[in-house]
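Reader: I'd like to learn how to read a structure like this one. Could you take me through a few features?

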Amino acid sequence: MNEVTCTLLVIGGGPGGYVCAARAGRMGVDTVLVEAATLGGTCLNVGCIPSKALIHAAGAFHTARRQSGSGLHGVIVTEPTLDYGATRHWMGGVVDRLVSGVGGLLQRAGVRVITGRARFVDGKTLRVEGPEGDILVRAEAVVIATGSRAAAVPGLPFGGRVIDSTGALAMTQPPARLAVVGAGYIGLELGTAFAKLGSAVTLVEAAPSVLPQYDERLTRPVQRRLNDLGITLKLDARVEGWDEVKGALRIAGAEGPEELAVDRVLVTVGRVPMVDGLGLEELGLRQAGRFIAVDDGCRTSMRGVYAIGDVTEGPMLAHRAMAQGQVVADIVAGRSAGWDKVCVPAVCFTDPEILCVGLLPDAVPEADRLVSESSFRASGRALTLDDTEGFVRIVARKSDHVLLGIQAVGPGVAELASGYALALENGLLLEDVAATIHAHPTLSEGFQEAAMAATDMVNHC
Amino acid sequence: MTEWSFTLPDIGEGIAEAELSDWRVKPGDVVREDDILCEVTTDKAVVEIPASASGRITWIAGPAGDMLAIGAELVRIEVDGSAPPPEPAVAEMATAPTAAPKPRGASVSGQARLVARGGDGRPLAAPSVRGRAREEGVDLRQLRGSGPAGRILQADLDAFLSGAATAPDRARQRTGTEEIKVVGIRRRIAEKMTLSKARIPHFSIIEEIDVEALEALRERLNRTQGAEQGKLTLLPFVLRALVRALAAHPAINATFDDEAGIVTRHRALHCGIATQTDAGLMVPVLRHTEALDLWQTARAIRELAEASRAQKAAPADLSGSTLTVTSLGPLGAVATTPIINHPEVAIVGINKIAVRPVWDGGTFVPRRMMNLSCSFDHRVVDGWAAATFVARLKELLEVPTLIFMEGGVDE
């Protein structure tokens with residue numbers, strides 16, 4: 001068997017793994033990255049990137065349809081048609097370009113990439129089963145960055161017409177009738193996109209609201225838009241069974257048992273860490289529930305073994321994995337590093353978009369909580385975008401005005417994430433934001449307005 | 001003259017209680033409005049509490065280290081005239097500006113007073129500052145930031161690092177010695193300790209006491225009668241409990257003449273009370289403790305301690321004890337191994353009260369707990385006898401009603 005020796009071995013070429021490997025490589029660490037499928041992981045291949053491309057195309061098609069007939073803002077188009085094959089070709093092109101970009105990045109960093117599935121022999125040795133036979137890799141440090149996979153609903157196994165998000169992005173045509181089980185952000189994003197592409201979409205959610213982790217004020221604009229798009233919402237509803245031949249999804253909801261006739265069932269009830277077949281059971285790493293327990297240096301309970309990204313506890317987001325990857329690369333390269341982030345921004349590319357950075361109001365004791373909102377109804381920019389649904393909300397500490405959380409819902413608010421994260425990460429006060437000029441007319445002004453409302457007086461009320 | 005009472009203001013952050021970390025005043029001090037009375041520490045911040053009125057302090061809530069609930073009485077100030085008391089102090093962070101004037105209050109005076117915390121409880125600092133601190137091995141929790149809301153700035157880190165580098169006692173070798181002659185009281189202490197520790201084979205028992213009931217009783221008595229009778233500390237209660245416990249354990253209240261081979265059991269309790277003075281440890285003796293009531297005991301302890309500290313104690317007050325009690329008050333540690341006052345056969349050590357989690361059979365509950373650390377002369381007191389004596393003391397202190405019940409089973 002071939003043997004490879006290195007300083008750092010990264011298992012998984014997703015956003016966490018490739019950032020870690022490339023950064024370590026550029027710092028002169030002899031690094032090997034093992035990837036079982038395609039570089040870029042879930043994010044680039046079957047997650048963030050293709051889904052955002054799909055959402056963009058669906059939005060364009062939806063706008064064109066609104067512009068047909070009597071038109072929109074005086075823009076009138078003839079009845080648009082959808083060439084979904086061309087849409088998918090474009091999506092694939094975006095993905096391919098980014099994936100090859102990752103390959104180039106790793107190459108320039110001097111990282112050796114091995115294709116295959118890695119399995120721990122011991123804490124420092126892994127057997128990689130690849131297309132050209134097995135390779136034994138010995139490393140001083142190992143990073144587990146194998147990510148996550150879609151969770152299944154009991155009684156509704158994946159296969160046939162029951163698909164996960166990967167399957168949804170691989171469909172050659174939008175289904176005529178689509179049931180989405182789980183109204184978390186993935187289900188809402190894809191459900192909305194397919195509705196805009198013409199599918200009849202039914203959302204089935206066990207909780208009494210969509211995006212149950214957020215408060216009702218934040219999700220109300222999204223829920224309203226789902227109704228506008230003709231998406232059927234089945235809240236407080238459980239899946240009872242599935243008849244693959246008939247294409248019938250049985251659910252039990254508030255109005256009693258019901259049978260939905262659909263062509264596809266998209267299951268988006270969350271994701272679980274993907275550690276099967278890694279041989280972790282031999283290492284006996286300390287677990288945190290289903291996740292691998294790590295400290296603030298992403299160290300597991302075994303010396304020299306690190307874990308980053310979706311296999312560790314925390315929001316399953318690419319940018320968190322990337323930041324963890326940086327921490328581990330720095331530690332392995334002998335630099336001082338540690339996870340000390342104040343916030344991990346979370347974006348839902350729903351319609352309208354939802355942005356959450358830092359603490360939600362409920363997470364702050366009421367006695368010392370100051371919440372301030374600025375509605376987009378008064379925003380000039382929102383009016384010119386013809387989309388005034390939404391608001392910016394600041395959660396601050398009443399006693400010293402330190403910002404603790406910022407949320408926004410509205411058109412394109414995902415792009416506001418940077419400013420909000422900067423404010424929280426740097427410990428700014430309401431007064432700092434209120435005294436910073438925000439460009440007019442932009443949606444970003446809502447942030448300043450909300451800060452002013454909490455400290456002094458608003459310019460527009 | 002009017003006496004006003006001031007409570008611990010709400011210092012924000014949703015906290016229910018704070019630790020009195022430092023008193024800047026004591027009863028008798030004259031303060032002016034806005035003078036700092038004390039510093040209180042929450043798990044998030046250190047906040048200075050200023051006086052809301054000018055006058056003379058007549059009472060303070062408790063020693064530094066005590067936990068005090070928000071809204072509990074903090075100080076009493078005697079003021080001139082009979083004007084109504086001002087609004088209670090309201091915590092206000094100096095850096096939280098507002099359009100409306102706020103009531104004066106516990107300002108975090110000037111800058112660099114507040115230990116600022118972010119939403120996750122970690123020090124408030126920009127990522128660049130955190131990163132540099134990590135590189136330099138500085139724990140940012142040691143710093144007090146000078147930025148808005150106490151945010152730690154690069155300049156604060158600079159100052160901390162340069163201060164640490166030039167601190168005189170840091171990483172510098174020193175030479176030279178100092179000789180101090182052991183004379184006077186110090187010499188007597190040395191001789192006494194040598195005798196005790198060389199002759200007596202000590203063993204110690206440390207027992208945990210739940211003092212919730214005792215403290216509640218003490219607080220109540222101080223509230224209702226403290227003004228006229230004088231404030232009660234814990235010690236008089238321990239002495240009353242000792243009197244009760246010794247009735248059934250006469251072997252503990254004894255002296256041992258090891259040369260003659262005779263143990264003398266005493267019917268009277270002449271209680272030695274270890275007292276720290278400027279000159280060193282003194283053990284004034286409270287004679288016939290068994291014949292005093294609670295208030296008399298308290299008064300007698302006070303008088304003896306004052307006399308010893310003033311070095312005015314009569315020789316008779318410093319000898320003839322049959323059992324000694326030692327207590328360091330708030331410094332009383334978790335446990336101690338007290339040295340027996342020869343020729344006695346036991347000594348009772350009182351450790352400090354602390355709130356500890358206690359398993360009540362279903363959950364952990366916060367209880368005020370205090371340890372007793374007692375040492376015994378194993379030549380004449382066996383472990384079993386000592387343990388039953390300590391267990392009895394524990395019972396009496398945990399159910400203080402038993403101390404004051406007439407005709408108890410011991411007598």
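This is a predicted model: local features need pLDDT of at least 70, side-chain atom pairs count only at pLDDT 80 or more; totals for chains, interfaces and linings use all residues.

Reader: Let's start with the interface. How many residues of chain A are in contact with chain B?

Author: Start by counting on each side: 24 residues of chain A touch 23 residues of chain B. Then look at the area, which comes to about 1,900 Å² buried between chain A and chain B. Carbon and sulfur atoms give 52% of that area.

Reader: And how many salt bridges are there between chain A and chain B?

Author: For a salt bridge, look for a side-chain nitrogen of Lys or Arg within 4 Å of a carboxyl oxygen of Asp or Glu. Between chain A and chain B the count is three. One to find on screen pairs B:Arg134 with A:Asp340, at 2.7 Å from N to O.

Reader: Now the helices. At what angle do the axes of H3 and H4 of chain A cross?

Author: Two packed helices are described by the angle between their axes and the distance between those axes. Here H3 (residues 48-67) and H4 (residues 84-108) of chain A cross at roughly 145°, with their axes coming within 9 Å. The crossing of H3(A) with H4(A) is right-handed.

Reader: Which residues in H3(A) and H4(A) meet?

Author: From H3(A), they include A:Ile49, A:Leu54 and A:His56, and from H4(A), A:Trp90, A:Met91 and A:Leu98 are among them. By class, this contact has 11 nonpolar residues, two polar and no charged.

Reader: Last, the backbone. Where are cis peptide bonds found?

Author: Check omega. A:His440 and A:Pro441 are joined by a cis bond with omega about -5°, and A:Pro441 sits in the loop between helices H12 and H13 of chain A. In chain B, a cis bond links B:His342 to B:Pro343, with omega about 10°. B:Pro343 lies in the loop between strands S15 and S16 of chain B.

Reader: What is the phi of A:Cys298?

Author: A:Cys298 is not a glycine, yet its phi is positive, about 60°. Look for A:Cys298 in the loop between strands S18 and S19 of chain A.

Notes:
Residues are numbered from 1 along each chain as its sequence is written. Chains are lettered from A and ligands numbered from 1 in the order in which they are written. Side-chain values use heavy atoms; hydrogens and water are left out. Contact means heavy atoms within 4.5 Å. Buried area is the accessible area (1.4 Å probe) that two parts lose on being put together, summed over both. Axes are lines fitted to C-alpha atoms, for helices over the stretch in contact, and angles run from 0 to 180 degrees between N-to-C directions. Helices (H or I, at least four residues) and strands (E, at least two) are DSSP runs, numbered from the N terminus. A crossing is left-handed if the near helix is turned anticlockwise from the far one by less than a right angle, and right-handed if clockwise. Ala, Val, Leu, Ile, Met, Phe, Trp, Tyr, Cys and Pro count as nonpolar, Asp, Glu, Lys and Arg as charged, and the others, Gly among them, as polar.
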